[in-house]
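This briefing concerns salt bridges, helix packing and a surface patch in one protein model. Please consult the sequence and structure shown here while reading.

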Amino acid sequence: MTTATTTVRTNSRKRWTPGQIVLTLLGAAVSALFVAPIVAALLTSLKSEAEAAEIPPHWLPQHITGQAWKALFDTGNITNWLVNSLVVSVCVTAVVLMVSALAGYGFARTQFRGKAVLMGTVMAGLMISPAVLGVPLFTTVQQMGMVDTYWGMILPQCAPAAMVYILYKFFQGIPRELEEAAFIDGAGRWRVFFTIVLPLSRSSLAAVGIFTFIASWNNFLWPYMVTNNPDLMTMPNGIATVMNSYGIQWAQLMAGGLMAGLPLIVVFVFFQRQIVAGVAHTGLAGQ
């Protein structure tokens, strides 16, 4: 009886088709391609500085040591870098969510004079590289006395043209009947926005918030331009200073890069469902 049951279970398993095998191998190859730099950085961080600078390089460390990690915490101001990056990224994310939600809803549901011109300005913002705006933004920040301040690093990153457009397209997909029913019951525009529209937009808001946080955390150019104070450096800028009179300290640099990427990995692991759901519900599909 047991043999017959085992035979039935074995026969009921579907064999992999050639297409499934190819896709699995392709997925494994792509995954290995993305994981390889992280593994290389980890192995390099476990080498001594002399071994990390050897040419030609080799993958596995001959003598595993935590010297680079210890030196990074002893000589670098990594705690301040982490705190600064966290403060800047969280503030930028909060402001972008507020601005993009209000602007996207205003464009999607209200009619006012100059709407087409303002929407065209937002769309034009999608075509302008942030690097092009570096000099005029720095001049403005300097005239406002915000150089070497948190506000100088935060406010210029809060012009979210892409995020406004994403939420604008999503709000257009919300049925107007829900809002009209609330208006009939006596609700005002603000109450409808906060009690109906925002709860329905949680997935898109989560995706916008996560993407904004990641972009702000990884931003190197603007914090580098607007501050020279070592106590205000963010993680990307702080890691760039890991060098001495002999040149770049590669083992410390790899350790710092892993430290900088760890929060983003944690964010993705805990919020990957929101990221996927937000991308699927941004309103861009089929547009």
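The points below are grouped by topic, after a note on the model.

The model is predicted: local features need pLDDT of at least 70, side-chain atom pairs count only at pLDDT 80 or more, and totals for chains, interfaces and linings use all residues. Residues are numbered from 1 along each chain as its sequence is written, and side-chain values use heavy atoms, with hydrogens and water left out.

**Salt bridges**

- The count comes to two salt bridges, a salt bridge being a side-chain nitrogen of Lys or Arg within 4 Å of a carboxyl oxygen of Asp or Glu.
- Glu179 and Arg109 form a salt bridge through their side chains, at 2.5 Å from N to O. This pair links distant parts of the chain, with Glu179 in helix α10 (residues 176-184) and Arg109 in helix α5 (residues 78-109), 70 residues apart.
- Helices here are DSSP runs (H or I, at least four residues), numbered from the N terminus.
- Glu179 also meets Arg189 in a salt bridge between side chains, at 3.7 Å from N to O. Because Glu179 lies in helix α10 and Arg189 in helix α11 (residues 189-200), the pair ties together parts that are 10 residues apart in sequence.

**Burial of the network residues**

- Glu179 is buried, at a relative accessible area of 3%, and Arg109 is buried at 7%.
- Arg189 is partly exposed, at 35% relative accessibility.
- Buried means under 20% relative accessible area, exposed over 50%, and partly exposed in between (1.4 Å probe, protein chains only).

**Helix packing**

- Helix α6 (residues 115-125) packs against helix α9 (residues 161-172) at an angle of about 125°, with the axes 8 Å apart. Helix α6 is therefore oblique to α9.
- Axes are lines fitted to C-alpha atoms, for helices over the stretch in contact, and angles run from 0 to 180 degrees between N-to-C directions. Angles under 35 degrees count as roughly parallel, over 145 as roughly antiparallel, 65 to 115 as roughly perpendicular and the rest as oblique.

**Nonpolar surface patch**

- A nonpolar patch on the surface includes Leu262, Ile265 and Phe268.
- Ile265 belongs to helix α15 (residues 250-280) and is partly exposed, with a relative accessible area of 46%.
- Patches are made of residues with over 30% relative accessible area and no salt bridge; like charges are joined within 9 Å, and nonpolar side chains (Val, Leu, Ile, Met, Phe, Trp, Tyr) within 5 Å.

Technical notes:
Accessible areas come from the Shrake-Rupley method with a 1.4 Å probe; for residues, only the protein chains shown count as cover. Helices (H or I, at least four residues) and strands (E, at least two) are DSSP runs, numbered from the N terminus.
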